[in-house]
Amino acid sequence: MAILECRDATFAYDGEDVLENVDFTLNAGDYLCVVGENGSGKSTLIKGLLGLKAPRSGKIVMGEGLRSTEIGYLPQQTQLQKDFPASVREVVLSGRLNSLGRGLFYTRADRAAAAANMERMGIDDLAGRCYQELSGGQQQRVLLARAMCATKKLLLLDEPVTGLDPVAQNEMYNLIKLINLCDGITVIMVSHDIHEAVRYATHILHLGNRQLFFGTSAEYKQSDLARRFLGGNRT
Amino acid sequence: MMLAEMLSYPFLVRALVVGVLVSLCSSLLGVSLVLKRYSMIGDGLSHVGFGALAVATAFNVAPLAVAVPVVVVSAVLLLRLSQNSRIKGDAAIAMISSGALAVGVIVISLTTGMNTDVSNYMFGSILSLSTADARFSAVLSAAVLALFILFYPRIFAVTFDETFARATGTRTGVYNMLIAVLTAVTVVLGMRMMGALLISSLIIFPPLSAMRVCRTFKSVVICSAVDSVACFAAGMLCSYALELPTGPAVVAVNMLAFGAFALAGRLKHGK
């Protein structure tokens, strides 16, 4: 059953269309990679899916009781201040904010969920450490644990491996694939690395200010578009 | 000995109670403001408060009753300006604060003339608190404290990562507004004792000091609060013993504390 449907959605800034006619359907358990060059509308689509930007026309429909506030979101690495004092535990726990509802404070269940997710990401021994003092790979795992706290169904990852060294990149890809396979959580990932995208994802969405391609990874590999982007080493 | 002597003056007790409460509020809010790069808002709002107090005095109405709503409204405006308009946040603050200062000075010179009042507003006076003022201040600061504690998880989320908070359904605009409004109330309550030019130091120094040493949000908040209250008490004691103006004495103690924390941080973290 469809967990997410984009029905001919068009997004505009100041009356100018930046992303036109996006139309695709995701089923529960799918792993979608969104690829495309800088400025092709990837970030705009993310904002649309998170409900931070309304489409000018068309529609985004969530299925299976998913709400846009229940998407586990891992933002693109922003320039958080170097000296922001926050422990790993505090950061991960803040992912449970959307389950507070009208409540004011985190409950024991929230703390247990945060602890469980830290353990799964292999960062439980860092719980008391300052987030800013961690390596890039560790920081991303902290943010992934926070995203996992915020969702049971859909993860939305905005360039989660950018800036990591190759070992950390691989770890991150494997963790995400594991979450996708073991927990059956649907994954949408924005990526620059088209080779890795094709390797891990089940579906590919290629954007260039409009929808250039949507289909399975296998179909994508056969397409002319992919041939151009993947370069000489076709598999 | 000296403390007992101090506490025998009712106006000093009033000043101490209000000062401790305001220091507490400003140090807590300051953590969020400093980390969100909103430090100058406190300074801007205190100038608006100066203008409002001057106008209130000129028309002979209760100063706090005028200044609190005026400054709260300006806080809301400042936040809106810095988020939506073409005028950047820091420029908007500079514009509003110098404008309010000018209006305040004009009103004062037209009515009472440039006298000690101006200096009292600028640099604070410990004699400015009436019993009614003190009661009003205590109630308002208790409200600020309560709101900060009740919304602590949300304030952390909005301070650390606003985009994530918004994406997971937190109404970040509401909480930014809450922080600005609480800051406005705190600034007005503190400025008559600390002075319009000095009140923002209560917002900025304690969090910065705490951040030299502490590395988690909760410990920074607690350390900042303790540091702020201790510095205020010490500053007031110094001002009494050495016959110094209270506001500047408190700021000077805060500066010393910052130096000590910076040194401690360097030793602890080896940087």
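Of the contacts in chain B between residues at least 6 apart in sequence, 73% join residues at least 24 apart; two residues are in contact if their C-beta atoms, placed from the backbone, lie within 7 Å. The model is predicted, so local features need pLDDT of at least 70 and side-chain atom pairs count only at pLDDT 80 or more, while totals for chains, interfaces and linings use all residues. Residues are numbered from 1 along each chain as its sequence is written, and chains are lettered from A and ligands numbered from 1 in the order in which they are written.

Chain B has 13 helices and 0 strands, where helices (H or I, at least four residues) and strands (E, at least two) are DSSP runs numbered from the N terminus. Its radius of gyration is 18 Å, close to the 18 Å given by the globule rule for 271 residues, so chain B is as compact as a globular protein of that length. The radius is taken over C-alpha atoms, and the rule is 2.2 Å times the number of residues to the power 0.38. Buried residues account for 51% of the 271 residues in chain B; a residue is buried if 20 or more other C-beta atoms lie within 10 Å of its own, exposed if 12 or fewer, and partly exposed in between, with C-beta atoms placed from the backbone.

B:Leu16 belongs to helix H2 (residues 10–35) of chain B. This residue counts as partly exposed because it has 19 C-beta neighbours inside 10 Å. The C-alpha atoms of B:Leu16 and B:Met236 are separated by 7.8 Å, although the two residues are 220 apart along the chain.

In chain A, strands S2, S1 and S4 form an open sheet in the order S2-S1-S4, with antiparallel pairing. Two strands pair if DSSP finds at least two bridges between them. Strand S2 (16–27) and strand S4 (57–62) of chain A stand at the edges with a single partner strand each, so one side of each has no neighbour in the sheet. Strand S1 (residues 2–13) of chain A is joined to S4(A) by 5 bridges, and A:Glu5 has A:Val61 as its bridge partner in S4(A).

Strand S5(A) is joined by 4 bridges to strand S6 (residues 154–158) of chain A, and the two run parallel. Both faces of S5(A) are covered: A:Ile71 and A:Tyr73 on one side, and A:Gly72 and A:Leu74 on the other, are all buried.

The contact between the chains takes 23 residues from chain A and 23 residues from chain B. Strand S5 (71–74) and helix H2 (88–93) of chain A are the elements that give two or more residues to the side of chain A that touches chain B.
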